[in-house]
Each structure stands twice: as C-alpha cells, then as structure tokens.
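This briefing goes through a protein model by topic, with the cut-offs behind each term stated where the term is used. Please keep the sequence and the coordinates at hand while reading.

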Amino acid sequence: MSEIKRDAFVDGRWVAGDKRFAVTDPFDDGVVAEVTDGDEAMMDTAVASAAKAFPIWARRPAPERGKLLGQLGARMLADERRLAELCTRENGKPLKESLAEVRYAASFLTWFGGEAGRVYGETIPASNPGQRLLVTREPIGPAAVITPWNFPYAMLTRKLGAALAAGCTVVAKPAEATPLGTLAVAELAQEVGVPAGVFNVVPTTRAREVGGHLLAAKAIRKISFTGSTEVGMLIARNAAADLKRVSLELGGNAPFVVLSDADLDAAVAGSLVAKFRNSGQTCVAANRFILEAPIAEAFTAKLRAAVAELVTGRGSDPGTDVGPVIDDAAAKKIAGLVADAVKRGARVVHGTPPDGTSRLIAPIILDGVTPEMAVWTTEIFGPVIALRTASDEASAIAQANDTDFGLVAYLYTRDGARQLRVAEALEAGMVGINEGLVSTAQAPFGGIKHSGLGREGSRHGIDDYTNLKYIALRIG
Ligand code: ADP
C-alpha cells in the first residue's frame with residue numbers, strides 16, 4: 001500500500017480536481033493531506049459510473065460478490081496498523097480505539113460477504129392450482145452513502161458491505177473532516193479487484209451542494225445517511241420528491257439507567273465504554289445517567305474514582321483514553337452546555353468546566369442535572385457525564401423515555417424480571433442490559449423516533465438495499 005490517497009475515486013480511477021482542501025489533525029492542526037475538493041461535475045461522473053456498473057455487478061453471482069467483500073475485509077485487517085494511524089490523525093481518537101474501529105469496520109465486510117449468498121426469496125402456496133407465486137429480492141440500484149467523521153471506516157463499511165452484498169453499486173461522500181479513511185478503503189477495494197464503478201468516493205467541502213447533487217441524481221435509487229437528525233430530516237424530505245428509499249442513522253440521547261440492585265462496578269465499567277469512546281462523540285454515547293436513589297451516591301463515588309484514572313491527550317500517545325474533540329465548534333458547544341448546566345444549578349463533581357478554547361477536554365461529571373438543562377436534552381457529543389436521580393423504577397423509565405430520540409438505552413440491574421420488564425418499556429431501537437457496547441456486525445443497529453429509519457448490520461441490514469419482486473407464474 002502506497003502513500004495516503006488524496007484524490008477522488010471515480011470509475012476505478014484516481015481523479016484530481018482543480019481545488020483541494022486540507023485535512024487536519026484535530027490535536028495540533030497539522031495538515032495530514034490536501035484532498036481533492038469534488039464538485040458537481042465530478043459527482044455526475046461518479047453517479048454515471050455507478051449506474052453503468054450496476055447491472056453488471058447485480059448479475060454477478062452473489063457468492064462472488066461476497067468473496068470480494070471478504071477479501072476486502074481481510075485486506076483491511078492485514079493493513080490495520082496503517083489504517084488505524086491514519087484514523088487517529090484525521091479524527092484524533094486514541095490509537096487503540098482506531099485499531100478497534102478498523103477491526104469493527106472489517107467485520108461488516110466479512111459479515112456481509114457471508115450474507116451475500118443468503119439473500120433468499122420465497123415461494124408462497126397459491127390459492128389457484130394453476131399458479132405459482134414467487135418472491136425474489138433484487139438490488140435497489142446505485143446507492144448514495146453519506147458518512148460522518150466519528151467512525152470514518154465503520155460507518156462506511158456498514159453501508160458498503162450491505163450495498164455490495166445486495167448487488168447495489170455505491171457513490172460515497174465522506175465527511176469533510178475525515179475523507180482519508182474512505183479513500184484508503186477505496187484503494188484496498190481496487191487492490192482486491194472490486195470492479196470499476198462499483199465503489200466511488202467523492203470528497204467535498206460543499207456537503208449541501210455537492211452532496212445534495214448526489215442525492216438528487218435520478219440514477220440514485222437508495223440513500224443511506226449517518227449524521228445529525230437535522231440533516232437526516234432534510235435528506236428525507238428531499239428524497240420524497242423522487243421517492244428514493246432512505247435509511248437514516250441519526251442522533252441519540254441515550255439514557256444510562258442504573259437501578260438499585262445493579263452491580264455498581266459493572267455499571268461503572270459500562271459507563272466508561274458507553275460514554276468516553278471517541279471522547280463521547282458517538283451516536284450511542286450515554287448522554288443521560290439516571291440513577292435510582294438508593295445507589296446514586298455510591299455509584300457516583302465509584303464513577304468519580306474511575307473517571308479520575310482516564311488520561312486525556314494526543315490520540316497517538318499510547319496511554320491516551322480521551323483524545324481531542326473534532327473541531328473548535330464542538331469544543332465551544334460542549335463548553336456552552338456545561339456552563340448552562342452550572343448556571344442552572346448543576347454541581348461539578350469531577351473535572352473543570354472547559355472554557356471552549358481547547359479541543360482537548362478532560363472528562364467532567366455533573367450532578368443534580370434537571371430536564372431544563374440543555375446538557376440533558378441535547379446530544380452532548382463530548383466527555384461530559386450528566387447525572388440525575390430517579391425515585392423508583394417507573395420514574396427512571398419515564399425519565400429515560402422523555403426525549404424525541406430513541407437509538408439506544410443502557411440498563412443496569414441484576415434482577416432478571418426487571419431486566420426484561422424495563423428493556424421492553426424503554427423506547428429505543430437497541431437496549432444494552434449490563435452491557436455498555438451493543439454494536440456488532442451480527443445485530444441490527446438503528447433507532448426509532450428522531451434517531452432514524454432502517455437497520456444496519458445483521459441479516460436485516462441487506463433489506464434496506466433490496467426490493468421485493470413478486471412473480472406470479474401461470475403453469476396451467
Ligand atoms: P455531524 O454533526 O456528524 O457533522 P452532519 O449531519 O452535519 O453531522 O454530517 C454528516 C454527513 O452529512 C457529513 O458527511 C456531511 O458532510 C454531510 N452533510 C451535511 N449536510 C448535508 C446536506 N445538506 N446534504 C448532504 N450531505 C450533508
């Protein structure tokens with residue numbers, strides 16, 4: 001594998017544009033690469049190539065498509081160190097998290113590589129003896145894939161794997177902050193023999209215009225987006241004009257419920273995973289800690305002790321647990337949320353409120369948070385823990401569900417009946433019971449309410465890239 005790829009990847013070729021933009025390291029602003037800034041014309045070429053490649057790719061035997069996906073996953077793993085270092089440079093996350101992300105990303109390719117050969121149809125018993133009723137699943141068509149900066153590899157492969165397994169072709173527009181990982185995957189795809197036009201990547205700084213141009217293209221029949229709820233809703237509204245199929249993986253505001261009989265050490269360990277991965281910048285980040293009154297004090301004490309051990313610093317330093325947040329706007333937003341909470345009466349029980357001038361933000365724990373505080377109602381996307389007490393189980397459930405979002409909920413309790421009772425009552429697409437990390441390629445990832453539409457990963461992930469075709473056959 002060569003130097004960092006920095007041009008668009010269109011129709012199997014690396015295409016340099018007239019304009020470039022700098023991708024910088026969030027830790028020190030060092031320029032990682034000057035990347036081609038794609039425009040509408042480049043996007044048109046990418047869409048045309050995906051449209052041209054589609055019928056050929058769709059007709060290719062599914063096991064062959066699956067084999068290529070498996071090879072791409074293996075190729076990522078073989079290069080995991082280099083890919084992880086690249087991720088830490090463009091995203092800022094600790095190297096150990098980047099490595100975990102590369103493996104997680106590769107697991108989607110392996111998983112969907114297997115699933116490609118299992119896109120089964122059905123036969124349906126007919127009422128009429130002269131008929132046979134068949135149902136097949138066909139790829140929808142060329143897919144537009146728009147990804148965020150927080151998991152540059154995994155958010156891509158979770159879509160790419162499903163799309164290519166189903167027989168769709170892809171035009172990807174990565175986030176402006178982190179296009180390099182996507183381009184690196186494109187290079188590996190080229191190496192393992194993914195045909196020209198099947199996977200195209202166009203980076204751009206003009207997401208609304210050039211990204212919007214991609215989404216509006218007539219040939220695009222499927223849109224898969226991961227990002228903010230605001231942009232997701234806009235995309236869904238625009239897609240309605242052409243009735244394109246849309247999958248949206250949007251924001252969260254995850255409750256982390258610790259009930260009175262919980263194993264507090266396990267709950268603390270789960271909190272660290274659910275809160276601090278990627279400095280809190282994950283859509284599944286625990287956002288609202290809801291503690292049943294009898295254990296609130298003991299849990300908070302243990303949490304403070306554990307959080308005090310976390311090291312904040314440069315992602316490439318081996319001891320770092322919490323890297324910088326992605327950009328200055330993120331740092332300012334987080335500082336504003338903490339300041340608002342403190343002004344409204346929250347107590348800082350660990351850490352120092354950030355002033356918004358540094359992207360390096362050490363963990364903060366706020367106690368006595370109320371629903372009037374923006375830190376409770378907004379997706380924090382930073383290393384801030386907001387704690388609130390609930391008098392009992394019913395009140396904890398009510399607090400947990402008091403949000404427009406519904407991506408994931410975390411629940412800590414040792415009581416088996418409570419586990420199921422509360423999990424069923426929680427309004428979320430996913431529930432982790434005594435588990436702070438629910439994401440895995442085998443399971444359906446996705447939300448309800450304002451957290452999105454559709455599911456990614458698992459055997460259900462392919463559904464979002466297929467249409468059912470019903471065939472009625474008269475045999476006599
Ligand atoms: P985040 O807060 O994670 O940056 P965004 O929703 O702004 O979330 O961005 C997620 C992805 O959507 C990025 O690739 C971004 O460039 C892209 N994006 C943002 N606005 C638009 C838009 N109007 N049309 C298409 N893509 C967009």
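Helices (H or I, at least four residues) and strands (E, at least two) are DSSP runs, numbered from the N terminus. By that assignment, Lys173 belongs to strand β8, which spans residues 170-173. The model is predicted, so that local features need pLDDT of at least 70 and side-chain atom pairs count only at pLDDT 80 or more, while totals for chains, interfaces and linings use all residues. Residues are numbered from 1 along each chain as its sequence is written, and side-chain values use heavy atoms, with hydrogens and water left out.

- β7 pairs with β8 in the parallel sense over four bridges, two strands being paired if DSSP finds at least two bridges between them, and Ile146 stands opposite Lys173 of β8.
- β7 also runs parallel to strand β10 (residues 222-226), to which four bridges join it, and Val145 stands opposite Ser224 there.
- β7, α5 and β8 form a right-handed β-α-β unit; right-handed here means that, with the strands pointing away from the viewer, the path from the first strand over the helix to the second runs clockwise.

- Lys173 is buried yet has no salt bridge, and the nearest side chain of opposite charge, that of Glu176, is 7.2 Å away; Lys and Arg count as positive and Asp and Glu as negative, while His and the chain ends are not counted.
- A salt bridge is defined as a side-chain nitrogen of Lys or Arg within 4 Å of a carboxyl oxygen of Asp or Glu.
- Leaving aside neighbours within four places in sequence, Lys173 is in contact with residues including Met43, Val145, Ile146, Thr147 and Leu214, contact meaning heavy atoms within 4.5 Å.

**Salt bridges**

- The salt-bridge rule gives a count of 34.
- Lys93 and Glu101 meet at 2.6 Å, N to O; Lys93 is buried at 1% relative accessibility, and Glu101 is buried at 2%.
- Arg60 and Glu64 meet at 3.0 Å, N to O, with Arg60 partly exposed at 28% and Glu64 partly exposed at 39%.
- Glu456 and Lys159 form a salt bridge whose closest N and O atoms are 2.9 Å apart. Glu456 lies in the loop between β21 (452-453) and β22 (466-474) and Lys159 in helix α5 (residues 154-166), so the pair ties together parts 297 residues apart in sequence. Both Glu456 and Lys159 are buried.
- One network, joined by salt bridges that share partners, contains Asp261, Glu292, Glu393, Arg418 and Arg421.

**Strand β13 and its partners**

- Seven of the seven residues of strand β13 (residues 286-292) are buried.
- Strand β12 (residues 254-258) pairs with β13 in the parallel sense over five bridges, and Phe256 has Phe289 as its bridge partner in β13. The chain passes from β12 through helix α9 (residues 264-276) to β13 in a right-handed β-α-β crossover.
- β13 pairs in the parallel sense with strand β16 (residues 384-390) over four bridges, and Ile290 stands opposite Arg388 in β16.

How values were computed
Buried < 20%, exposed > 50% of the residue type's maximum accessible area, 1.4 Å probe, protein only.
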